[in-house]
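User: Got a model open here and I'd like to talk through one of its pockets. Can you take a look with me?

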Amino acid sequence: MTDFFELINQGLKWYNSNIGGWLVLAILLPTGIYFTIKLKFLQVTHIRHTISIVRGKYDKKGEHGDVNHFKALTTALSATVGTGNIVGVALAIFMGGPGAVFWMWMTAFFGMMLKMVECTLALKYRKTNTDGSVSGGPMYYMLALKEKIGKPAMILAVIFSIATVLCSLGTGNMAQANSMSDAIHQTYDIPTYLHFAGSTIPTVFITGAILAGLVLLVIVGGLKRIAEVTSKLVPIMAIFYFIAAITIIITFSGKIPAAFTLIFTDAFSGEAMAGGFIFMVFQGVRRGLFSNEAGQGSAPIAHAAAKTDIPLREGLVASLEPLVDTLIICTLTALVILLTGAWELGGEGAKMTMAAFTIGLDEVGIGNWGNHIVAVGLFLFAFSTVIAWSYYGTRAVQFLMGDKMIKPYYYIYGFFVFLGAVGSIDIVWNFVDAVITLMTF
């Protein structure tokens, strides 16, 4: 049985590396460029207007929807600002070199228009539920194609919804729970077993049960409670991470020009670890796309609930996500890694980021806090991702099976949090990467 699962794992890994990742690259980047040109660079020309919308300048009482613009934005951001901002950036640099950061920026810039378009459509074609709440997302605007293409429109919507449920239990749940559990146990040297009343209990089981309980406390309250938590958690975690990163960047400010020069020159030199220029572009674009989820179809589900009767208004709000997620937060991580020289030490993923923050904060003179900063950041980022993805999953379940399955899904979701925290999920990561390709396609 072990050999069987390993065979599946290797097959999924091969697909993601040789087919899935390239397919996503071929679809999303050209689409983002097309809409950017077609809509005359709205992500630049309307940035001030977009910020005014988020601040509530145009909010009106009685507008249809469940949450205001800011809460819809923070709910969607909480799903995208996750472990990819800490681990994904380091992995892109490790695999593709510093130049991969430039291609992450390009992906975010064009991804802003992808987010605007898909979330505008989500508002335009959303539906009102019997309890007065609203539901929307790609599955609903795919149905709008029914008059043109007939039955395949429903087939597309069903396939997308199934992929969304699988992603919610995998990427949005188990993978994040595993990251939280690992961050806690590795950073704080928690013993592997707890001896209690003559029994030996793996401490990771306790961690998993606590995490599952915390998640259930939030998500059973539905979108409004999720939005309340994320609207507070997202700014706190962003500020927390921002202050630590900025402190290090200021400390190494003399190296900033050299770091940017390295990014730009390496972006076109093609001296990546494996595969040269094309491989570097692939790593940067792929990590950028999976970081901000532009074009994946997840964010429109959250933005469809915004209180507005003007679809484009919420589309503009959604365009801020790649800006915040990739152009700001991922850049902070990249600069810390490059300025401290951690990228040359050979660590991969979270280890590289932890080393960078440890070196940087030690230089500041406040002790060996790097591991704690990254561990707490990972925990907060991952927790917010888990609770936000539960909402995406409920809307997909609702579309497939109706309201009656929403509550059972919550408890299934909580159980998968536990499984993710206690298990080794390399196969889950590879499986969900494949399902993300399906969602995006």
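Analyst: Helix H1 (2-38), helix H6 (100-124), helix H7 (138-143), H9 and helix H20 (426-440) each give at least two residues to the lining of the second largest pocket. Helices here are DSSP runs of H or I with at least four residues, numbered from the N terminus. A pocket, on a 1 Å grid over the protein atoms alone, is an open set of points where a 1.4 Å probe fits, with protein on both sides within 12 Å along at least five of seven lines; lining residues have an atom within 4 Å of a point.

User: Which residues lie nearest the centre of that second largest pocket?

Analyst: Pro138, Tyr141, Met142, Thr440 and Phe441, out of 26 lining residues.

User: And how do the lining residues divide into nonpolar, polar and charged?

Analyst: 19 nonpolar, five polar and two charged. Ala, Val, Leu, Ile, Met, Phe, Trp, Tyr, Cys and Pro count as nonpolar, Asp, Glu, Lys and Arg as charged, and the others, Gly among them, as polar.

User: Is this predicted or experimental?

Analyst: It's a predicted model, so local features need pLDDT of at least 70 and side-chain atom pairs pLDDT 80 or more, while totals for chains, interfaces and linings use all residues. Numbering runs from 1 along each chain as its sequence is written, and side-chain values use heavy atoms, without hydrogens and water.

User: Back to H9. Where is its kink centred?

Analyst: On Cys167, at about 40 degrees; the bend is the angle between axes fitted to the seven residues ending there and the seven starting there.

User: What follows H9?

Analyst: Asp189, with a positive phi near 50 degrees.
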